[in-house]
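Colleague: I am new to this model and would like to learn how to read its aromatic rings. Could you walk me through them?

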Amino acid sequence: MGTKKDYSKYFTGTAPSLKEAKKRSKAAPQVITDAFEIPTDMIEAGKGKTFFIRTYGCQMNEHDEEVMAGIFEQMGYLRTEEMETADVVLLNTCAVRENAENKVFGVLGHLKALKRERPELLLGVCGCMTQEEEVINRILQKEQHVDFIFGTHNIHRLPQILRDALMNKELVVEVWSKEGDIIENLPKTRNGNLKAWVNIAYGCDKFCTYCIIPYTRGKERSRQPEDIINEVRELAAAGYQEVTLLGQNVNSYGKDLGTEYRFADLLADVQKIAIPRVRFTTSHPWDFTDEMVAVLASGGNLMPHVHLPVQAGSSSVLKLMGRQYNKDSYTELYNKIRTQIPGVAVTTDIIVGFPNETDEQFEETLALCKELKYDGAYTFIYSPREGTPAAKMVDNIAEETKKARLQRLNAVVNDHALTHNQAYLETVQYVLVEGTSQKNDAVLSGYTESLKLVNFEGPASLIGKIVPVKVTQVRTWSLYGEYAGE
Ligand code: SAH
Ligand code: SF4
Ligand code: F3S
């Protein structure tokens, strides 16, 4: 073992710490309206230069990418989709599972050669991985071609961090391990002009025992209702057809505001705005209130789709996961949603191979899926995350067992997805046409209200509109139909 090197000279402030990131105070989050500012010497820094961003991870991360793109563009940089020629390459990372992290380290390896060829290239890493000290140490030791690193709490500091990196031959690291603020004056360049992400809350306080997100994203903090409503109004006025309200747990929206205003109230307010479609993600079953079910059941622009992660079907595994509900209370909520919200589709997330999960406990997950019959599910093999409580539990399940469980689960999930799709045969569905299908330029594609992918033949003039489509064929993951309009 070599002696531990002192890397402190690289840090602006202190090194990231999961231990610090875990702390929660009672203090209300600060809403800051002037944190983002481009220093005068950076206003034209990007003139004639290009930036490339690749994002891994969830919708919040995708939305963060839109903010970073907005910041780059304000400095005069132009976006490029070619990593090989870009002046600045930024990897916006995800820490939720090991394979997400491995992908990033793979690309960093590839970029070593590019950086050797073009030493003037600036290479940055941001997103959830950079909030982990383990990752920072690995980059410091093995990925010395990285030029700058920042975290999820200081995206607004990108111009200052970039300036430091441009002036400095040494690596620049600025990561804040804190609860986080709410920064309201960030620019955004949205990917697309039909559908938009709108943050309603940041962070997470649920601390499910397997999950790294509460450490990488900070305390649960809600934006002010009027800031959200104004953003949705502006998007509607700009012609957007759909917004998705984003939070790690949208249902607990408002609990930190010091008022009685909650997610159901926000939904009711957004329902009144003239935007055709409103979605939201993700819902933790814990805080799903009857008021929420009622407002969703009243429809309007609130789309009938609920993503309700169950994670496991065994109450004892759920307890170890710290999910705060059991099989029975989840089933009760699920049935309420299914029976009260007309035409609703329900999807879920499931983890297999949680430490010590027995065959019987896995069978309970399968049985619950068979009982509830989801429209779809994202299924994952448990991945231990350093610093979380579950990572200290003995992971004693063989890799083949985990893979076999995942396969069996996927077979059940796919079966139900197909059965749900079959119920759409011969019906007319309203589809927001997003563009041409990935596989065939002559075919249009879009989503139903319940978030089913539909491909159909029709004129390109329908792109951007919500149009009726008669479903004529179904597959497990998509519907096929005919344009049923004039
Ligand atoms: N906030 C959301 C989840 C965000 S992460 C929620 O609670 O609903 C998306 C999914 O990744 C989770 O629902 C979970 O199924 C999965 N996940 C999170 N941590 C994981 C881990 N350590 N290993 C495997 N899957 C994990
Ligand atoms: Fe992770 Fe649980 Fe928070 Fe979702 S609710 S982000 S799974 S800790
Ligand atoms: Fe990944 Fe961070 Fe999202 S860990 S799932 S990018 S909040």
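Modeller: A charge counts as over a ring if NZ of Lys or CZ of Arg is within 6 Å of the ring centre and within 35 degrees of the ring normal. Lys206 likewise has its charged end over the ring of Trp286, 4.5 Å from the centre. This is a predicted model: local features need pLDDT of at least 70, side-chain atom pairs count only at pLDDT 80 or more, and totals for chains, interfaces and linings use all residues. Side-chain values use heavy atoms, without hydrogens and water, and residues are numbered from 1 along each chain as its sequence is written.

Colleague: How many aromatic pairs are there?

Modeller: Rings of Phe, Tyr and Trp (its six-membered ring) pair if their centres lie within 6.5 Å; planes under 30 degrees apart are stacked, over 60 edge-to-face, and the rest tilted. By this rule there are 11 aromatic pairs. One of them, Phe148 with Phe150, is stacked, at 6.3 Å centre to centre and 5° between the planes. Tyr325 and Tyr330 make a tilted pair, with 5.6 Å between centres and 40° between planes.

Colleague: Is Tyr330 buried or exposed?

Modeller: Buried means under 20% relative accessible area, exposed over 50%, and partly exposed in between (1.4 Å probe, protein chains only). Tyr330 is buried, because its relative accessible area is 1%. Tyr325 counts as buried too, at 9%.

Colleague: Which residues do ring pairs link into a cluster?

Modeller: Tyr325, Tyr330, Tyr334 and Tyr374.

Technical notes:
Chains are lettered from A and ligands numbered from 1 in the order in which they are written.
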